Amino acid sequence: MRFRTPGHPVLFISIILTAVILGCSGSGNNGIVTPDLNPGNASTHSAGSAKILWGMWHVTIDPVTMTAEATPLRTADFTANITNFMQPPSSPTNMVSFIVDGSSDPGMGYFVVDVTLRHPFPGVNKYNGFDVRGALFSDGSITGVHDPSVLWQGPDDTHLVNADGYTRWWNWPEFTSYGSIFGANGGALAPPNQPTSTVNGYKYFADDLDLEEAMVDLDHGMRGFFTTTPGINQRRYEIQFKMAGSDIVYDFNYAIDASWDEPDPGYAPDYPVEAFSMNANCQEAYLVDVNDDQSTAWYVSGTENGGDLVLGIEVYDWQGGANGYVPAEVAGLYVEGDILSGVVDVLSSAVILPGSSVNSSIYEVTIGSLNLTGSGEFELFGTVENTAPNTYEPQVAGGSGFNFPSEPLAAFFTCIVTVHDVSPGDPPEVTSIDPNFGLPDCTPDFVTVYGSNFESGATFRLERDGFADFDAENVVWVDEFTLEGDLPLAGAESGLWDVMVENPTGLTGTLEDAFDVLDAIYVDGDNAGDPSMDGTMAHPYDTIQGGIDAAYSSNDEPVIIDQSAVPYDPFSLRNNSHVIGCNWNDGVGWPTVEQDAHNQYGNNVSNVTIEGLFFDLFMDYEIYDSGLGGNYAIGLYFQQGDGITITGCKFSAEVTRIRGIVVRFSRSLNVEISYCYFNEIYQEAIETNWRVLYVIQCGGTNGVEINHCEFHDIGYDVWDAGAYGTGLYIIRVGYESSTPPHNVDLHNLLIYDVYNATDCIRPSPNPDPQNAVSCISLSNINSWDWVGDFKLYNITIDDIRHADTPSTTTVNAGHVNGGYFGMVGGDDIVMKNNIVSNIIGTDDPVIYGNTSYYGWWIDGYVQPGPSPYPMDYSAVYNVCWPDLPPNENWSSGWYNGWCNQVMAGTGCIYNYQNVDPQYSTTPGATFYHPQNTQYSTGGDDGGEMGAFGGPEGDWLPPSQL
């Protein structure tokens, strides 16, 4: 490589320093005098930051010795009265210095130059600066499309490779008031070139940016502050010079631009950043950062290409941040480039999102119809036009008397986007969606989409010709075969819709006619008295029963129920009834069913569902039920049905009779309770008899599944020292009329704050256990000859308490346990991922030896074995009285919780003191993840245990709670 001049060639750089020095009175201090701006000698300035060409330097770089020298320039035309700062001892030679780094490659025209900038008024804090930018001016070759007056450098021109941004300020063709302080005169010693670019790259100087720090790392709270003390900042420039064959063409100038405004004198003499209003910062956007990680563009050949550019354009603006809304400062946002079919008006289609700073917003835009001619990296050029001010007129008195661009004030940016060189992969294939139906005008339905080739970040939606799409929300990529999310269907037309999955690469797959938006019967209790009620949205039924009966007599449409001012009465289901509470008519709160008398919700009905209702039960009634053999108050009662589902519902109950059951299934088939919330369920009976409270009771029922439910604040609230005790069960499954239960599946359950405050005492001559508390009980299963599955996993039971009366009479509290089981057997037995903790008495002293505390208890054998049966990835601890010393057992059972046919398995812990898994009482609660060596031995650290994860874990909180 040879250079243009022989010997020691010299590179000439014309330096033009611009700074804000207006209002600089007080010539007695440091000789600062306001400059003469024009023949009228106006020395005041208006609101808004001001910019003034402050001085000129001539810089020489020797590419052989790799040194640079700066010499101050003065011309007869430069008349600003700041002589004291243009001559020693405040020599401007020291204001800017250049050091050529050894990583430069002169043979290729590539120079790395470290530029050190010193504040022109060191120690004079009043003149702390803002948004100091050093711009490189050179010839341009690319003409703007959005604004044809824009000319900027291409890759073959001299350009700043690592520009922080681009500015129009002080370019030679447009700021043509030569010979004045706003002119771009290079001076007598400057090279004769006049760079043609109107938009030029710059590096940003600020106290909190080091030599090579990216501008996105700026401390945005400091507003680009350039203080006078110490008043020195340094930035690294990577400059690629234009090449003419093997010669380097030195054809650029350099300018320093800064902003300033008169500070609040109350902050004298330090003048920190808060002393300056936002007028001291530049008015246009000060930073634009672009992310194209989600782009899907790809190119293999002229016939094999596609995808979109997906850009996240983050615009930073000082005034927008101060006003709380950056978009108010953005009048226009445009992107152009060779791979685009034309100028893209971003504001017309972008989604505006919060930015990473209070001073920024993200404009997310998808650009299709690309002009793809190859793969690799491509440069885009962007323009951010300012709202106010929208002109380059200098914001000083007399500024209109100078020449400046007529185009809007703007910030400019470039970005590199990637076009991939391979196809994004096989398109997704959709095979099914579950559920495959939904209702219009309801809250989003949770669905799962199945298929293959689903990529992380994939989304799905419903499509139908002639109708707008319905995009899924809260989409979760489970794996390449599964997506989950919510489908909002408000306003969806009934009928069949296609399900379409789109990968981040832009490839899609569709399953046609896969999702059915159903017709519905509408119910709104506030419509009472309407003579035209027919179940339409315009004339809904005013009772749930009316909707059920109408659906049964037509096509079994779902019945959707709006919250009403008056609670609904109980109802009886018919075959194929699907009752849903969803506030379709702008109701607020849960559609509520109040019940103060017994009601049989389902007698020998099939395929029924109750969803999204709140059952507020006042159970002050009794019925005689031969299946139970006693008098009971029952909330929801289902007898001999098949296919009964209760999902997404809430239950509260006040039981004032001696025996109460909130939900009961009697000799039924295939029942499921899921995503339900049971709380504030109290037994308040005062009769001196044996009292029992069941939350869920299943007798002689085949196919019981209870999952993803929460139970808390359940127990006895009335103190009674009568002659009988109590029984409390959260879930109880057992025989009925000689019919055994089959296929029991309990998982993802959270049970806590279960208590017995009755203090019932039965005299010691009768030794029967009293005050029994069992969260999960499979009792009276006296042999393992029943067929089916027995599954118990992902369950957390915490804080189970009963009262021990301080008395000389023996307290016989019976068994208090998390899980109690008789002999059990089946084809598939699963017991894992369970936690039981804090099963304790509440009062003392007590007479030890009469109460048994258990975590899990199997009274007999498990078939098939092993025996004892392991409870893997589980924990049982704090199963004792509060004052029980460690490692001592004063109860008749195992206070550590593993009993008979249950033992600690792989990944288990027990007696892990002072750890409470239920430390949040909000719906959904928080998970428990103990860090314990015994626990961590169970494969891959065991994962979170209990209701919220671990092996077999699939916890999802009730979406409607």
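This is a predicted model: local features need pLDDT of at least 70, side-chain atom pairs count only at pLDDT 80 or more; totals for chains, interfaces and linings use all residues.
With neighbours within four places in sequence set aside, Phe615 is in contact with Phe571, Val593, Tyr601, Ile610, Leu636, Cys649, Lys650, Phe651 and Ser652.

Strand β25 covers residues 376-386 and pairs with strand β21, residues 330-336, in the antiparallel sense over six bridges. Within this pairing, Leu333 stands opposite Val384 of β25. Strand β25 also pairs with strand β26, residues 410-419, again in the antiparallel sense, here over 10 bridges. Glu385 stands opposite Ala410 of β26.

The chain as a whole provides the setting for these elements. Its secondary structure comes to three helices and 65 strands. Of the 961 residues in the protein chain, 56% are buried. Among contacts between residues at least 6 apart in sequence, 75% join residues at least 24 apart. The chain exposes about 36,800 Å², and carbon and sulfur atoms supply 48% of that area.

Another example of strand pairing is an open sheet of four strands, ordered β4-β5-β13-β9 and paired in the antiparallel sense. Its edges are formed by β4 (96-100) and β9 (159-160), each of which pairs on one side only. The link between β9 and strand β13, residues 232-240, consists of two bridges, and these two strands run antiparallel. Here Leu160 stands opposite Ile239 of β13. In general, the strands of a sheet pair through backbone hydrogen bonds, and they may do so in either a parallel or an antiparallel sense.

The parallel arrangement is found at strand β36, residues 521-524, and strand β37, residues 559-562, which are joined by four bridges and run parallel. In this pair, Val523 has Ile561 of β37 as its bridge partner. Strand β36 is covered on both faces: Ile521 and Val523 lie on one side, Tyr522 and Asp524 lie on the other, and all four are buried.

Tyr694 is located in strand β50, residues 691-699. Tyr694 counts as buried because its relative accessibility is 8%, under the 20% limit. Although Tyr694 and Ile661 are 33 residues apart in sequence, their C-alpha atoms are 4.7 Å apart in space. Beyond its neighbours within four places in sequence, Tyr694 is in contact with Tyr632, Gly660, Ile661, Val662, Tyr729 and Arg732.

A further case is Val876, which lies in strand β62, residues 875-879. Val876 counts as buried, with a relative accessibility of 0%. Val876 and Asn838 are 38 residues apart in sequence, with a C-alpha to C-alpha distance of 8.7 Å.

Asn748, found in strand β53, residues 742-756, counts as buried at 0% relative accessibility. The side chain of Asn748 makes a polar contact of 2.8 Å with the side chain of His747.

The cysteines complete this account. Across the whole structure, a search finds zero disulfides. Cys676 is buried, with a relative accessible area of 0%. Cys775 likewise counts as buried, at 0% relative accessibility.

Key:
Residues are numbered from 1 along each chain as its sequence is written. Side-chain values use heavy atoms; hydrogens and water are left out. Contact means heavy atoms within 4.5 Å. A disulfide is a pair of cysteine sulfur atoms within 2.5 Å. Buried means under 20% relative accessible area, exposed over 50%, partly exposed in between (1.4 Å probe, protein chains only). Two strands pair if DSSP finds at least two bridges between them. A polar contact is a pair of N or O atoms within 3.5 Å; within protein, one must be able to donate a hydrogen and the other to accept it, and residues adjacent in sequence count only if both atoms are side-chain atoms. Accessible areas come from the Shrake-Rupley method with a 1.4 Å probe; for residues, only the protein chains shown count as cover.
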